[in-house]
Amino acid sequence: MISNVDAAVETLKQGGVICHPCEGVWGFACDPFNESAVKRVLEIKQRPMSKGLILIGSRAEVFDSELENVPSELGIKIKDSWPGHITWILPNNRFPIWISGDFDSVAVRVPDHPQSRDLAEKFGGPLVSTSANRSGLSEATTFQQVSCQFKDLVDVIVDGHIGSSTGPSKIYDALTGSRLR
């Protein structure tokens with residue numbers, strides 16, 4: 001079903017899985033605290049839970065709990081990079097294992113895509129947002145690709161377009177500064 005942001009948020013609140021456009025690719029989204037929804041995303045992607053998932057928020061304050069665990073200068077640097085096409089790996093102290101996987105950290109971002117931020121804002125908290133693709137295959141970059149591949153596997157496809165970025169976000173480990181993707 002093709003939908004607007006408001007209807008997609010209701011689907012998310014009811015434990016559904018959606019596809020939505022982001023900065024450079026389409027993504028799957030769900031409530032990170034709903035284990036069955038997250039497992040459904042992992043099943044669609046054919047991705048092991050051990051790898052962990054990226055979360056998005058509408059603004060940096062959504063991740064204040066995680067930012068408390070990094071030096072203040074680094075926290076300022078991270079906040080200054082958002083909204084942006086940059087995901088940061090931060091110490092995890094509140095997200096369940098089905099989000100963090102085999103790690104003591106969590107990947108978080110405030111996207112540089114107004115519709116994605118609006119989705120998270122209206123949802124009222126962070127959302128899983130992982131590229132719409134099967135593991136090892138190319139990410140969906142068009143509505144047509146998402147619709148053809150996943151329309152029968154998700155509850156809603158949000159009407160919209162990806163931003164001008166290319167590919168998935170860059171990922172940095174906040175504590176080491178190393179680029180992971």
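Me: What makes Gln46 exposed in this predicted model?

Reply: Gln46 has a relative accessible area of 54%. Exposed means over 50%. Therefore Gln46 counts as exposed.

Me: Where is Gln46, and what is its phi?

Reply: Gln46 lies in the loop between H2 and strand E4 (54-56). Its phi is positive, about 60 degrees, although Gln46 is not a glycine. Most residues other than glycine have a negative phi.

Me: Why is Arg109 called buried?

Reply: Its relative accessibility is 5%. The cut-off for buried is under 20%. So Arg109 counts as buried. Arg109 is found in strand E6.

Me: How do you know that the side chains of Arg109 and Thr87 make a polar contact?

Reply: The distance is 3.2 Å. A polar contact needs a pair of N or O atoms within 3.5 Å. The pair of side chains therefore meets the distance cut-off.

Me: Why are the buried residues of H7 said to be on the same side?

Reply: Val146, Ser147 and Phe150 are the buried residues in question. They cover an arc of only 105 degrees around the axis, so they are on the same side of H7.

Me: What does the face turned away from the buried side of H7 carry, and what covers the buried residues?

Reply: The face turned away carries the exposed residues Gln144 and Cys148. The cover over the buried residues includes strand E2 (18-21), E3, H2 and strand E8 (156-158).

Me: What makes a set of residues a nonpolar core, and how many residues has the largest one?

Reply: Its members are buried residues such as Val, Leu or Trp, joined through side-chain atoms within 4.5 Å. The largest such core here has 36 residues. Cys19, Trp82 and Ile99 have the most contacts inside it. Helix H2 (35-45) and helix H7 (143-150) are among the elements that each supply at least two residues of this core. The largest share, 5 residues, comes from H2. In soluble globular proteins, nonpolar side chains tend to be buried together.

Me: Which residues is Ile99 in contact with, beyond its neighbours within four places in sequence?

Reply: They are Pro32, Val38, Gly52, Leu53, Leu55, Val106 and Val128.

Me: How many residues are in the second, separate core?

Reply: That core has 13 residues, including Val9, Leu119, Ala120 and Val158.

Me: What kind of peptide bond joins Trp82 and Pro83?

Reply: The bond is cis, with omega about -10 degrees. Most peptide bonds are trans. Pro83 sits in the loop between H4 and E5.

How values were computed:
Residues numbered from 1 in each chain as written. Predicted model: local features only at pLDDT ≥ 70, side-chain atom pairs only at ≥ 80, totals over all residues. Heavy atoms only, no water. Buried < 20%, exposed > 50% of the residue type's maximum accessible area, 1.4 Å probe, protein only. Helix = DSSP H or I, 4+ residues; strand = E, 2+ residues; numbered from the N terminus. Contact = heavy atoms within 4.5 Å. Arc of directions from axis to C-beta. Polar contact = N/O pair within 3.5 Å; in protein donor to acceptor, adjacent residues only side chain to side chain.
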